[in-house]
Amino acid sequence: MSVNLSKLTDKALVKLRDEIDTEFKAREKNKREQARKDAEAAAKKHGFSLSDLLNSKKSVKKAPAPAKYRNPNDTSQTWSGRGRQPAWYKAAIESGTDPKKLAV
């Protein structure tokens with residue numbers, strides 16, 4: 001189909017553009033719906049529901065643990081008390097600082 005756009009009025013071009021946008025949106029919606037149906041079928045084939053797979057604990061991101069300790073020399077440096085001890089915390093403890101003094 002070939003359309004000579006230069007012969008269309010501005011109003012006709014706007015209408016055509018709107019119709020094209022509407023068609024693209026409808027196609028996108030149909031593609032998404034088909035993809036969802038295909039994914040549900042694949043999950044069912046393996047004995048799961050799609051929501052079982054999407055709501056697994058592996059995909060849920062946890063918020064970082066709140067800070068329990070703060071570097072008194074640089075208050076932007078904090079540590080939650082989990083994982084490896086930061087160098088500033090180790091140095092403070094080795095120099096005799098009570099961990100309670102570093103608590104937030």
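Buried means under 20% relative accessible area, exposed over 50%, and partly exposed in between, with a 1.4 Å probe and protein chains only. Helices are DSSP runs of H or I with at least four residues, numbered from the N terminus.

Before moving on, note that this is a predicted model: local features need pLDDT of at least 70, side-chain atom pairs count only at pLDDT 80 or more, and totals for chains, interfaces and linings use all residues. Residues are numbered from 1 along each chain as its sequence is written, and side-chain values use heavy atoms, leaving out hydrogens and water.

Next, pick tryptophan 88 and tyrosine 89. Tryptophan 88 counts as buried at 15% relative accessibility, and tyrosine 89 is buried too, at 7%. Their ring centres are 6.0 Å apart and their planes at 85 degrees, so the pair is edge-to-face. Rings of Phe, Tyr and Trp (its six-membered ring) pair if their centres lie within 6.5 Å; planes under 30 degrees apart are stacked, over 60 edge-to-face, and the rest tilted.

Finally, go to glycine 47, which follows helix 1 and has a positive phi, near 85 degrees.

How values were computed:
Helices (H or I, at least four residues) and strands (E, at least two) are DSSP runs, numbered from the N terminus.
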